[in-house]
Every structure is written in C-alpha cells, then in structure tokens.
Amino acid sequence: MQEDMYFVIRNHAIMLDETGTPVICDVNEDGTIDWESFDLIDWLDLLPDEYQLYKSCVDFLQQNSIHLMYVK
C-alpha cells in the first residue's frame, strides 16, 4: 500500500485506495496502521454522527488527493 493522506477517527484510518474508493483500516496501539484490516467503509452501519464525520473526511480526501492512472 502506498502512503497517502488519511484521517484517524476512533482508532480507524480513513483513506482512499488506489482507485479512489473510500476504505478503512484499524490503527494499532502504537499508532501504526494495520493494513491487513483493510476494508470498504460500511456506510449503512454508521450512526448519523459517524456517517457525517466519515463523509466529511472522504469528501476532503477526494478533493485533495491526486491519483495517477495509467492508460494504455
């Protein structure tokens, strides 16, 4: 996984994957990201306040991240 911008909320890192899809990973006690916990954000399981917070983070990341795509 490449290094990207991400937000940490309640021991979860919210970021965009290589295709720009919002994903979430657990953050270990030492502050490192557990890349094996990589998963899509389950928007339907979030409480309204969590949803709005996660959505704000994802919107910021989508507006401020650069993703390179190779086209043949």
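Buried means under 20% relative accessible area, exposed means over 50%, and partly exposed lies in between, with a 1.4 Å probe and protein chains only. By this scale K55, at 31% relative accessibility, counts as partly exposed. The model is predicted: local features need pLDDT of at least 70, side-chain atom pairs count only at pLDDT 80 or more, and totals for chains, interfaces and linings use all residues. Residues are numbered from 1 along each chain as its sequence is written, and side-chain values use heavy atoms, with hydrogens and water left out.

Start with the sheet. Four strands form an open sheet in the order β1-β2-β3-β4, with antiparallel pairing. β1 (7–9) and β4 (33–40) are the edge strands; each has a single partner, so one side of each has no neighbour in the sheet. Neighbouring strands are turned by 30° against each other on average, direction ignored. Strands here are DSSP runs of E, at least two residues, and helices are runs of H or I, at least four, numbered from the N terminus. Two strands pair if DSSP finds at least two bridges between them. β3 (residues 22–27) and β4 run antiparallel and are joined by 4 bridges. Within this pair, V23 stands opposite L40 in β4.

Now the helix. α1 (residues 48–64) lies across β1, β2 (12–16) and β3, and runs at about 40° to β2. Axes are lines fitted to C-alpha atoms, for helices over the stretch in contact (heavy atoms within 4.5 Å). Angles run from 0 to 180 degrees between N-to-C directions.

What makes up the largest nonpolar core? It has 10 residues: I9, I14, L16, I24, I41, L46, Y54, C57, V58 and L61. β2 and α1 are the elements that give two or more residues to this core. α1 gives the most, with 4 residues. Such a core is a set of buried Ala, Val, Leu, Ile, Met, Phe, Trp, Tyr and Cys residues joined through side-chain atoms within 4.5 Å. Y54 is in contact with I9, H12, I14, I24, I41, W43 and L46, leaving aside its neighbours within four places in sequence. A second, separate core of 6 residues includes M15, V23, C25 and I33.

The whole structure holds 2 salt bridges, each a side-chain nitrogen of Lys or Arg within 4 Å of a carboxyl oxygen of Asp or Glu. R10 pairs with E50, the closest N and O atoms being 3.8 Å apart. This pair links distant parts of the chain: R10 sits in the loop between β1 and β2, E50 in helix α1, 40 residues apart. R10 is exposed, at 58% relative accessibility. K55 pairs with D59, with the closest N and O atoms 2.9 Å apart. Both lie in helix α1, 4 residues apart, about one turn of the helix. D59 is partly exposed, at 25%.
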